[in-house]
Amino acid sequence: MRLLFIRFSSIGDIVLTTPAVRCAKNQIPGVEIHFLTKLSMKDLVIGNPHIDHCHFLDQNLDQTIAALKEIPFDYIIDLHHNIRTWKIKKALGVPAYSYKKLSLQKWLLTKLQINLLPKTHVCDRYIDTLEHFNVTNDEKGLDYFFPKDYHFQSSNLPTSHLAGFVAFVIGASYLNKKMPVQKWIELAKQINKPIVIIGGKEDVASANEIAAAVSNFIYNAAGKYDLKESASIIQMAQVVVSHDTGFLHVAAAFKKPIITIWGATSPALQFEAYYPTASATPHYNSIVPNLHCQPCSKQGDNKCPQGHFACMRLQNSTTIASKAIDFYKAP
């Protein structure tokens, strides 16, 4: 049996598919797993031992479809469920199962604050897509696999950080999912432990401002490393403090203690850190209490609909710092 899994992006969403892929590979006798994603997400899937063949979409969807038509797939497992996956399913003409996005329920929650979402994490809903094959959740949590022959040199980090550090993931896809720079500075000063800042090139200016204010403790890695190298830094961290972004799920895959800072989105949308059922890893969701406008978006936005940005502006840096210190375990 050949199964084609489809999830184009993003970093976190692809990591969140790993339990479904693993469970399918381990529970369907003789199955051959194919995975289609964006070319930019290549490093997230090429090292996964549960995937037999990877396929990549660069720009031309028609070319990708033509290549997929050469392979006799038995079923498509659509874990993205958008117009592009609809075109692929129609073109290949094989039975397909698509995960339920629950778009109406998410709209009701973010626009009217009416929560009709089932209390089911998105990972569980991905696995539910495989119900036809009698696949069940093995409850082992997320996976993250590095590409073959890849090794990160710990010497890339300062000597002062090799005995342990807290990772600050300061980036996010939208402005109202990001905590103000001044809050990160307050937090760093209160933690008083070695810190590594992780972020993309778009986060360099903010990272520089944080590092300049707390120079004694911080190694600024923003914009310096690619996806897999940043994942290696997450793997080395004692504690991860992160917005609702992809590296939150990378950290969960490494079973790291995580403090998630929630702004426009919230755990109610079922994308919080996902650990094995038996895991005792500590984690904390930092949410400003008594905000009737939160969550206001299922993915984030570049402005606050209310104009006050209270969900991030009022984050309690003292509480976050206290949790980070409690979770910190130097080797």
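Setting aside neighbours up to four places away in sequence, Ala231 is in contact with Tyr144, Phe146, Phe247, Val250 and Phe254, where contact means heavy atoms within 4.5 Å. This is a predicted model, in which local features need pLDDT of at least 70 and side-chain atom pairs count only at pLDDT 80 or more, while totals for chains, interfaces and linings use all residues. Residues are numbered from 1 along each chain as its sequence is written, and side-chain values use heavy atoms, with hydrogens and water left out.

Ala231 sits in helix 10; helices (H or I, at least four residues) and strands (E, at least two) are DSSP runs, numbered from the N terminus. How buried is Ala231? Its relative accessibility is 0%, so it counts as buried, a label that means under 20% relative accessible area, with exposed over 50% and partly exposed in between (1.4 Å probe, protein chains only). Tyr144 is 87 residues away from Ala231 along the chain, yet their C-alpha atoms are separated by 8.9 Å. Ser232 also belongs to helix 10 and is buried, at 4% relative accessible area. Beyond the residues up to four places away in sequence, Ser232 touches Phe146, Tyr150 and Phe152.

## Helix 11, covered end to end

Helix 11 is mostly covered, with 8 of its 8 residues buried. These are Gly246, Phe247, Leu248, His249, Val250, Ala251, Ala252 and Ala253. They pack against helix 1, strand 6, helix 10, strand 9 and strand 10. Just past the end of helix 11, Lys255 takes a positive phi of about 60°.

## Two nonpolar cores

A nonpolar core here is a set of buried Ala, Val, Leu, Ile, Met, Phe, Trp, Tyr and Cys residues joined through side-chain atoms within 4.5 Å. The largest one has 61 residues, and the members touching the most others are Leu3, Phe5, Leu44, Tyr144, Ile233, Ile234 and Val250. Helix 11 (residues 246-253) supplies the largest share of this core, 6 residues. There is also a second, separate core of 32 residues, including Ala207, Ile210, Ile261 and Tyr328.

Strands 6 and 7 run parallel, joined by 4 bridges, and Phe168 stands opposite Ile197 in strand 7. Strand 7 is covered on both faces: Ile195 and Ile197 are buried on one side, Val196 and Ile198 on the other. Strand 10 (residues 258-261) pairs with strand 11 in the parallel sense over 4 bridges, with Thr260 opposite Asn285 in strand 11.

Strand 1 (residues 2-6) and strand 2 (residues 32-38) pair in the parallel sense over 5 bridges; Leu4 has His34 in strand 2 as its bridge partner.

## The largest pocket

The largest pocket holds about 1200 Å³ of space. On a 1 Å grid over the protein atoms alone, a pocket is an open set of points where a 1.4 Å probe fits, with protein on both sides within 12 Å along at least five of seven lines; lining residues have an atom within 4 Å of a point. Grid points are joined across faces, edges and corners, and the volume is the space filled by probe spheres set on the points.

Of the 46 lining residues, Ser10, Ile11, Asp13, Ser173 and Gly246 are the closest to the pocket's centre. Helix 1 gives the most to the lining, with 4 residues.

Key
Pairing = 2+ DSSP bridges.
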